Amino acid sequence: MKNTSFKLLIAVASFTAVSYLPACKSKNTSDKNADSAASQLPDTTVMTDQPAATGGPVTISPDDSLSNNLKDATKDFPGVTATVNNGEVTLTGTVSRDKLPKLMQNVNSLHPKKVNNNLTIK
Amino acid sequence: MALQDKYKELIDAAKAAGVTNLQVREQNNVLYIDGSTSSGAVKDNLWNIYNKIDPDYRSGDLVLNIDASAAAGTKAKVTTQSSNLNIRKGPGTDQEIVGKAAHGEVVDVISKANDQWSLVRTSSGVEGYAYTQYLTQA
């Protein structure tokens, strides 16, 4: 029993020594790799933080204010129905092509998350 | 970044036209372009480019918000499709109509009530609220 534990201890010690010592060496190189990876990180960080650099995340109007403002925005477009779901505005109904840009401009100015144009265009 | 490539011509045109407070942000596969200009023609041009890249604005991948409305204390031209612009007692289409401004008429912008409504005064002296999207910097 004692002999077995001793053998085990030796085995563990030698394994540790064998694996640890070269690990020390290779750790340095991997540290260097990590360093050089880190030196490239700022670029990556800038990329992911880009929204903040250009004024923070996009502000989306709450649904109740979107619904309310859509009444005004679509008032001059009879035949157009606008519904709101979780910031997404969906336009259905019929509109003439020459009126479409003005309608879209009105709706886009309300800070929606997205505008789904399902209109039939005459 | 793919959407910024798709709408590159639009973004470049906005920069070239000197759109102020220009913000180009991509979030959850939608591109948001916001900015202001004192020129209704610049706004129209950007919307034309948008329509060219994405015919009839069908893709639902861009929210373009270019504010060409007149600032408080300046004059604005009524840019309705063709109809008269209602001047209302308060900011909202549920408010009583107190007067009208003709298409193309120039009115004084007194203040902005909020994002959507401006307090204006017509040449005939009628004072009330008009929908800002139909007021372009004169």
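These questions and answers walk through a predicted model, its chains and one of its helices.

Visitor: What should I know about the numbering and the model?
Guide: Residues are numbered from 1 along each chain as its sequence is written, and chains are lettered from A and ligands numbered from 1 in the order in which they are written. This is a predicted model, where local features need pLDDT of at least 70, side-chain atom pairs count only at pLDDT 80 or more, and totals for chains, interfaces and linings use all residues.

Visitor: In what order do the elements of chain A run?
Guide: Helices (H or I, at least four residues) and strands (E, at least two) are DSSP runs, numbered from the N terminus. Chain A has 4 helices and 4 strands. From the N terminus on, they run α-α-α-β-β-α-β-β.

Visitor: Is A:Gly56 buried or exposed?
Guide: A:Gly56 sits in the loop between helix H2 (50-53) and helix H3 (63-73) of chain A. A residue is buried if 20 or more other C-beta atoms, placed from the backbone, lie within 10 Å of its own, exposed if 12 or fewer, and partly exposed in between. A:Gly56 has 10 other C-beta atoms within 10 Å, so it is exposed.

Visitor: Which element gives the largest share of the side of chain B that touches chain A?
Guide: Two residues are in contact if their C-beta atoms, placed from the backbone, lie within 7 Å. In these terms, 21 residues of chain B are in contact with 25 residues of chain A. Strand S1 (20-27), strand S2 (30-36), helix H3 (40-53) and strand S3 (62-67) of chain B each give two or more residues to that side of chain B. The largest share, 4 residues, comes from S1(B).

Visitor: How many residues does H3(B) have, and what span does it reach?
Guide: The expected span of a helix is 1.5 Å times one less than its number of residues. H3(B) has 14 residues, and 20 Å is expected. From its first C-alpha to its last, H3(B) comes close to that, reaching 20 Å.

Visitor: Why are the buried residues of H3(B) on the same side?
Guide: The buried residues are B:Val42, B:Lys43, B:Leu46, B:Trp47 and B:Tyr50. They lie on the same side of H3(B) because they cover an arc (of the directions from the helix axis to the C-beta atoms) of only 135° around the axis.

Visitor: What do the buried residues of H3(B) pack against?
Guide: On the other side of H3(B), B:Ala41 and B:Lys52 are exposed. The buried residues pack against helix H2 (8-16) and S3 of chain B, together with helix H4 (100-108) of chain A.
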